[in-house]
Amino acid sequence: MRLHTLEHCPLVTPVRKGFRGGNIGFRDLMTGQTATPGNYGLQLVHIEDEYHTPQHRHNFEQIRIMLEGSFSFGKGLIQHEGSVGYFCEGTHYTQKGEGRSVTLLLQIGGPSQQGFMSRAQLRSGVEQLCERGKFEDGVFTWLDEAGKKHNQDSYEAVWEHVHGTSIVYPTPQYLAPVLLEPSRFAWRMLSGGVHSKALGTFNGYGLQLSQLKLDAGAQLTLDTSARAQLLFCTIGEGNLANETYGPWSSAEIAVGESISLIAKTKSEFYVFGLPDFPTAQI
């Protein structure tokens, strides 16, 4: 089990000015295993003012949870505080933010098993590409040997540079981003003082999202015999495997672990059930 409390996760300087445009910063929480189909990045995304991106898509999946503020992903697709968004690989969307917002963001390899490019790979790729072109408003621009100008989506350009091959976008399994309101889902009692709320299972490999609530003094044994889990605490304090957690603490519980959770005060968590992918390198 790995546990990161907020003070262990310093704010990461944006990897680029204008890579996607706007004033954006990242706080990395948990990371998976680079170059595997199930690699992931769990992070907090801070936006302080206006932010936008052109329409784009990815070859990985995302779950976005609005902790503060609001954010738009196109006409009729607005996330406000407390809402959840699921973005499957291959689906197109835009981004527009006005004012301060904080998002809990999980980015993870999808059913195509192309994996997820780590932030270290992204930073390195951006630095190398800046030697032969520029990033501006979500677009990478460069001149070829004949002096012809080329424009390409920023992330796509970095991915192809890092992997040395052309990117292939899967046909999206969902036709558009899926937004949901956890407050409209019912809590179900697991045991005395412990409740859960299932929010969704996405794609054939079982990316899952749920919420967990413990009353003060309640205890629970987390069993991950089936799949690894990520936890993110929104409120409360207590002990997880004899380590202290608090608001905005995050944890990774590996497959096969059995972990004790004891709530000192009323606690709530988001729980991500990670997909059951092969572990081979890609």
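How many cavities of 30 Å³ or more does the count come to? The count comes to one, and the sections below take a look around it and beyond.

## About the model

This is a predicted model, in which local features need pLDDT of at least 70 and side-chain atom pairs count only at pLDDT 80 or more, while totals for chains, interfaces and linings use all residues. Residues are numbered from 1 along each chain as its sequence is written, and side-chain values use heavy atoms, leaving out hydrogens and water.

## The cavity

A cavity here is a set of points, on a 1 Å grid over the protein atoms alone, where a 1.4 Å probe fits but cannot get out. Points are joined across faces, edges and corners, and the volume is the space filled by probe spheres set on them. The largest cavity holds about 40 Å³.

Lining residues, which have an atom within 4 Å of a point, are L3, L231, C233, L240, Y245, S249, S250, A251 and F269. Strand 19 (229–235) and strand 22 (250–253) each give two or more residues to this lining; strands are DSSP runs of E with at least two residues, helices are runs of H or I with at least four, and both are numbered from the N terminus. Seven lining residues are nonpolar, two are polar and none is charged. In this scheme Ala, Val, Leu, Ile, Met, Phe, Trp, Tyr, Cys and Pro count as nonpolar, Asp, Glu, Lys and Arg as charged, and the others, Gly among them, as polar.

## Two nonpolar cores

In soluble globular proteins, nonpolar side chains tend to be buried together. A nonpolar core is a set of buried Ala, Val, Leu, Ile, Met, Phe, Trp, Tyr and Cys residues joined through side-chain atoms within 4.5 Å; buried means under 20% relative accessible area, exposed over 50%, and partly exposed in between, with a 1.4 Å probe and protein chains only. The largest core has 26 residues, of which L42, I63, I65, L104, L106 and F272 touch the most other members. Its largest share, four residues, comes from strand 10 (residues 101–109).

Take I65 as an example: beyond its neighbours within four places in sequence, I65 is in contact (heavy atoms within 4.5 Å) with Q79, S83, V84, V102, T103, L104, L209, Y270 and F272. A second, separate core of 18 residues includes V194, L231, L240 and A251.

## Aromatic pairs

The whole structure has 15 aromatic pairs. Rings of Phe, Tyr and Trp (its six-membered ring) pair if their centres lie within 6.5 Å, with planes under 30 degrees apart counted as stacked, over 60 as edge-to-face and the rest as tilted. F135 and F140 make a tilted pair, 4.8 Å centre to centre with 35° between the planes. F135 is buried at 10% relative accessibility, and F140 is buried at 1%. Elsewhere, ring pairs link Y51, F71, F73, F87 and Y93 into a cluster.

## Loops worth a look

N203 has a positive phi of about 60° although it is not a glycine. N203 sits in the loop between strand 16 (194–202) and strand 17 (207–214) and is buried at 12% relative accessibility. W248, in the loop between strand 21 (243–245) and strand 22, also has a positive phi, near 70°.

T171 lies between helix 2 (154–163) and strand 14 (178–180) and is exposed, with a relative accessible area of 70%. T265, in the loop between strand 23 (258–263) and strand 24 (267–273), is partly exposed at 32%.

Methods:
1 Å grid on protein atoms, 1.4 Å probe; cavity = no way out; pocket = protein on both sides within 12 Å on 5 of 7 lines; lining within 4 Å.
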